[in-house]
Amino acid sequence: MNPLTRFVFELQEISVLIWRSFVSLFSQPRYVGEWIKQMDLIGVGSLPIVLLTGFFTGGVLVLQTFPTLQYYSIQNESGRSVATSLIRELGPVLSALMVSGRIGSAIAAELGSMVVSQQIDAMRAFGTDPNRKLVSPRLIALILMLPLLTVAADIFGLMGGAIVANQLYSQDISVFVNSARNGIQVEDIIGGVIKPIFFGLVIGSVACHKGLTTTGGTVGVGRATTDAVVIASIWVIIFDFFLSKALQYVLDVGPM
Amino acid sequence: MVEDLQEKPFMADGSEVITDFEEPINDRNRIAPVIEFRDVHLAFDEKVILDGVSFSVRRGETKLILGRSGGGKSTTIRLILGLLKPDSGQILIDGEDITNYSEEEMMPVRQKIGMVFQEGALFDSISVYENVAYRLREQNVDEEEIEHEVRRMLRFVDLEDAIDKMPAELSGGMRRRVGIARALVGDPEIVLYDEPTAGLDPPTARTICELAIKLRDLQDVSSIFVTHEMNNVGYLSSEYAIINESGEVVFEKEGERLCLINTEVIMLRDGKVMFNGTDEQLRSSQDPYIHNFVYGKN
């Protein structure tokens with residue numbers, strides 16, 4: 001199969017997977033217990049790494065931009081610059097990348113080993129639709145949890161920024177907070193929450209698809225896991241660009 | 001199943017074992033095939049897996065499918081479960097043409113079938129109890145009945161002690177037996193075995209074969225037993241299980257009192273059925289390929 005045909009084929013498979021999972025939400029059985037378990041694993045489980053990422057990203061942003069802002073004597077606007085870049089861009093993208101590394105790989109590895117040890121076949125043979133039981137709960141958990149994780153990352157990022165500005169550049173916390181509050185629009189926050197919904201869908205569907213189409217034993221599981229993380233990460237970044245453009249258009253968020 | 005052991009076994013001729021047998025052997029029900037393949041073809045890309053395979057399995061009969069690895073044996077079983085669809089030809093289960101059934105339409109058909117997977121294929125995130133209970137849970141059976149049923153099945157495979165263990169704590173042979181217990185929940189009329197003894201030591205393999213013999217002779221289960229091990233063929237096609245005077249299950253060799261006619265052998269080669277008959281015919285075959293397979297040398 002040439003690469004283009006392959007790409008279109010996989011795109012079709014992933015679309016079918018998403019569609020089936022979506023349709024399965026409207027009929028019994030729903031495995032709500034499984035949804036909650038996945039939300040716990042994905043949401044609560046990823047909280048520490050996402051918070052750490054957010055905190056240090058906010059910190060390093062101030063660390064790197066403060067001298068430049070100072071050069072133009074607008075160091076009082078450091079809060080604005082951190083808030084805008086975090087909430088619009090870095091919060092959603094970095095959280096999504098962290099989650100795709102942690103959860104995308106876990107999903108692909110788990111489903112992949114279930115395929116190679118015939119557990120998926122067994123499930124089907126016993127009358128369970130793997131889409132319903134395995135894919136839907138993971139997609140739902142990612143779509144609901146990633147926005148929440150992103151918001152948490154944003155908040156910790158601002159905290160990190162404030163601490164660095166205060167401790168290393170002796171800026172008053174209130175100056176930082178005020179400039180951050182003035183800098184953020186409601187549209188920024190809405191945009192920053194809409195993005196991770198799509199990222200969650202991308203990560204979940206790519207990882208589930210890669211896991212469920214694993215072939216070739218344990219080596220195949222390794223390959224599926226790597227593919228899932230790499231492909232999900234790349235798509236997050238590509239999607240980010242187009243989503244940003246679309247959100248600029250829809251929400252009318254222009255350049256600063 | 002343990003309680004049902006009083007039910008009389010299905011045997012070949014009219015010895016005393018079957019004098020009060022309820023169904024006569026030439027019952028129409030018994031002649032109509034439970035599983036039937038009609039000229040089934042299947043290929044993955046260029047690779048031909050099945051090339052015009054036809055055979056049938058009658059009620060209470062066991063068909064042993066032999067062949068080299070990668071010869072389409074497991075594929076045959078996956079086709080019966082509807083996990084794969086053939087490129088052409090027909091597959092009938094209980095006279096019902098399932099060839100073009102959708103996933104939803106397959107569900108009631110799959111409930112009649114118990115499947116024993118190669119390595120057991122237990123769900124390793126849940127306990128032995130939950131594994132065996134899986135099918136009943138999906139059908140929303142109440143907890144009390146589930147527990148009763150799970151214990152009954154685990155007793156049948158002699159693993160009641162392992163009920164709370166996780167699959168990872170079990171040995172290979174135990175995993176297969178749990179796999180068998182799981183397949184038997186709901187008393188399926190058809191049981192499919194996909195190389196259930198591969199990689200097991202001879203006594204454990206023998207235990208698995210005995211379970212299959214018990215199901216065949218005491219429960220009247222129809223089955224397909226995929227294997228490439230000749231000793232399995234020996235056990236299944238020359239021994240039968242009966243209940244002796246003191247109510248215990250005993251295994252006897254055919255020939256002394258009875259002759260077994262409910263077990264036949266099919267041999268697949270390059271996607272074609274190259275042999276279909278009894279084990280005696282198989283062993284005396286002059287075909288070099290079969291001779292090589294049976295005796296491991298020419």
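Modeller: Let us begin with the second largest pocket, whose lining draws at least three residues from each of domain 1 (3-24 + 34-112 + 188-295) and domain 2 (113-187) of chain B; domain bounds come from an automatic or database domain assignment. This is a predicted model, in which local features need pLDDT of at least 70 and side-chain atom pairs pLDDT 80 or more, while totals for chains, interfaces and linings use all residues. Residues are numbered from 1 along each chain as written, chains are lettered from A and ligands numbered from 1 in written order, and side-chain values use heavy atoms, without hydrogens and water.

Biologist: How much space lies in the second largest pocket?

Modeller: Rolling a probe the size of a water molecule over the atoms shows where empty space is left. Here the second largest pocket holds about 800 Å³. A pocket is an open set of points on a 1 Å grid over the protein atoms alone, where a 1.4 Å probe fits, with protein on both sides within 12 Å along at least five of seven lines; lining residues have an atom within 4 Å of a point. Points are joined across faces, edges and corners, and the volume is the space filled by probe spheres set on them.

Biologist: Which lining residues are closest to the centre of this pocket?

Modeller: Of its 33 lining residues, Tyr31(A), Thr128(A), Lys133(A), Tyr134(B) and Glu138(B) are the closest. The elements giving two or more residues are α2 (32-71), α3 and α5 of chain A, with α3 (103-110) and α4 (128-138) of chain B. Five residues, the largest share, come from α4(B). Helices (H or I, at least four residues) and strands (E, at least two) are DSSP runs numbered from the N terminus.

Biologist: Do β1(B) and β2(B) run parallel or antiparallel, and how many bridges join them?

Modeller: Strands of a sheet pair through backbone hydrogen bonds, either parallel or antiparallel. Strands β1 (residues 33-44) and β2 (residues 47-58) of chain B run antiparallel, joined by nine bridges; pairing requires at least two DSSP bridges. Phe44(B) has Lys47(B) in β2(B) as its bridge partner. The two strands form a hairpin with two residues between them, and Asp45(B) in the turn has a positive phi of about 50°.

Biologist: Which residue in β4(B) stands opposite Arg38(B)?

Modeller: Gln90(B) stands there. Five bridges join β1(B) to β4 (residues 88-93) of chain B, and these strands run antiparallel.
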